[in-house]
Amino acid sequence: MPVTIIVGAQWGDEGKGKIVDMLSDEIDIVARYQGGANAGHTVCIGEKEYVLHLIPSGIFHKQTTCVIGNGVVIDPVALMDEIAMIKSFGIKIEGRLFISHNAHLIMPYHKLLDNIREQGTTKIGTTGRGIGPSYIDKYMRTGIRVVDLLDRKVLAEKLKQNIEEKNQLLSKVYGSAEIDLEKIIQEYQEFDKKIDPFVTDTAAYLNNALKKKKKILAEGAQGALLDVDHGTYPFVTSSNPTSGGACTGLGIPPTSVKKVIGIAKAYSTRVGNGPYPSELHDSTGEQLRKLGHEYGATTGRPRRCGWLDMVALKYSIMVNGINEIALTKLDVLDTFDEIKICTAYKVNGKILKNFPTDVQTLEHVEPVYQTYKGWKENISDRKKFKQLPKQTAKYIETIEKLSGTKISIVSVGARRDQTIVR
Ligand code: GDP
Ligand code: IMO
Ligand code: MG
């Protein structure tokens, strides 16, 4: 069956954009299934760097079409900006990008509420892109969908209902200024013609493609440990980045899925708040941030950095059903004398081998490390596994052994050609 799901196996920013772009060479359709413009997926082609937030990372391959599925929350302003950006690179987008009529929209009040809620007691450290509040409306069954943008009257009615309710919340609960309904109606009614050429029933489109045996990549955003069900709740995003989310977020059957590739960094990072057992607060953490350029692709925030957490990765492999790992940013470790892997947690003197998802426990665990000798060589120009230093091969094989999962792709740099396929 022709669907491969690409999932972030850690806390996001594992290099999904790079791997999806690289794999897209032989792919017919790349489809985003959840999240929104909170994602920042980087694709480097030659010396040029492109950051995508909503458009799937297959867009740079002429033969590939891209789908934004029903599970994604779409900020029409961000989408139109991104379409214009892609066009400005001389890339044809009409007839290559399909947007689900059922996807929910992110409105200015969602962003406002996201930022107001972040002033409260539980600070998640969100991207401020309105993700949580938009999914709240979806599950409350009051949300506005892409299809509503195509009918000016329906849009005005739904905006009225939503904004009247939000204004109550803003003025009475948060003591904040109210939203101007007419201004938003006017602004968003303008999207009808702009978005119309891209809108379709993407579930039908994908299922039709499945019948024709087309190759489909489902591109996850964020990562398993940010999953609203399986992550470090409440310090998570509001969707299901795990592989199960691909079926609901695209309307494709689980029986169509052939493979799940987990993208994992050779170390780890996290942006935003929440427990992170292998985080390094010392100069080694700073070194990882500096060498890995670990600053958010969406918000520019410095990413928290630490060693590879095998307890968390094994959990991620379990909940996603990962069959293969793409190990990224291995070159970032080139200069380290020693490299560590967290293989267990210690809590109250007891060893914990399984990942606890309750933050109360996770906040108090201490990482137990195994230490490996660094290879101290530049590996960013290596094209084949056998060209890697012995210590690098050992590090890769150790991760395979500890995780029980094959590493089929090794990334040694941001560019397409800096990839070893085994
Ligand atoms: P995503 O959200 O998972 O797509 O990842 P991001 O794009 O947010 O962050 C990954 C960053 O690492 C980007 O700046 C990439 O260009 C870069 N990158 C990806 N793979 C590699 C690699 O193997 N080595 C190095 N040095 N950088 C990489
Ligand atoms: P990509 O797809 C890393 C984090 C935020 C915050 C939490 C909730 O580039 O890997 P949200 O705005 O989603 O409500 O924020 O999730 N977060 C990400 N971290 N990479 C991402 O996307 C992220 N998208 C959201 O920092 O901790
Ligand atoms: Mg990112």
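A residue is called buried when its relative accessible area is under 20%, exposed when it is over 50%, and partly exposed in between, using a 1.4 Å probe and the protein chains only. The model is predicted, so local features need pLDDT of at least 70 and side-chain atom pairs count only at pLDDT 80 or more, while totals for chains, interfaces and linings use all residues. Residues are numbered from 1 along each chain as its sequence is written, chains are lettered from A and ligands numbered from 1 in the order in which they are written, and side-chain values use heavy atoms, with hydrogens and water left out.

I begin with the metal. Which protein atoms are the donors of the magnesium ion, ligand 3? They are the OD of Asp13 and the O of Gly40, at 2.1 to 2.2 Å from the ion. Donors here are N, O and S atoms within 2.8 Å of the metal (3.2 Å for Na, K and Ca); because water is not among the atoms, sites may look incomplete. Helices (H or I, at least four residues) and strands (E, at least two) are DSSP runs, numbered from the N terminus. Are these two residues buried or partly exposed? Gly40 is buried, because its relative accessible area is 11%, whereas Asp13, at 21%, counts as partly exposed.

Both residues also bring us to ligand 1. A polar side-chain atom of Asp13 is 2.9 Å from an oxygen atom of ligand 1, and a backbone N or O atom of Gly40 is likewise 2.9 Å from an oxygen atom of ligand 1. Taken alone, ligand 1 exposes 580 Å², and the protein buries 91% of that; these areas come from the Shrake-Rupley method with a 1.4 Å probe, and for residues only the protein chains shown count as cover. A nitrogen atom of ligand 1 has a polar side-chain atom of Asp331 at 2.7 Å. In total, 19 residues surround ligand 1, the closest being Lys16, Gly17, Thr42, Asp331 and Ser411; a residue is counted if one of its heavy atoms lies within 4 Å. H1 and S3 each contribute at least two residues to this shell.

What surrounds ligand 2? There are 20 residues, and the closest are Asp13, Lys16, His41, Thr127 and Thr237. Oxygen atoms of ligand 2 lie 2.7 Å from a polar side-chain atom of Lys16, 2.9 Å from a side-chain N or O atom of Asn38 and 2.6 Å from one of Thr237. Ligand 2 exposes 550 Å² when taken alone, of which the protein buries 97%.

I close with two residues elsewhere. Ser100, in strand S7 (residues 97–100), is buried at 1% relative accessibility, and a polar atom of its side chain lies 3.0 Å from the backbone nitrogen of Asn102. Thr298 lies in the loop between helix H11 (283–291) and strand S13 (304–306) and is buried at 16%.

Terms used. A polar contact is a pair of N or O atoms within 3.5 Å; within protein, one must be able to donate a hydrogen and the other to accept it, and residues adjacent in sequence count only if both atoms are side-chain atoms.
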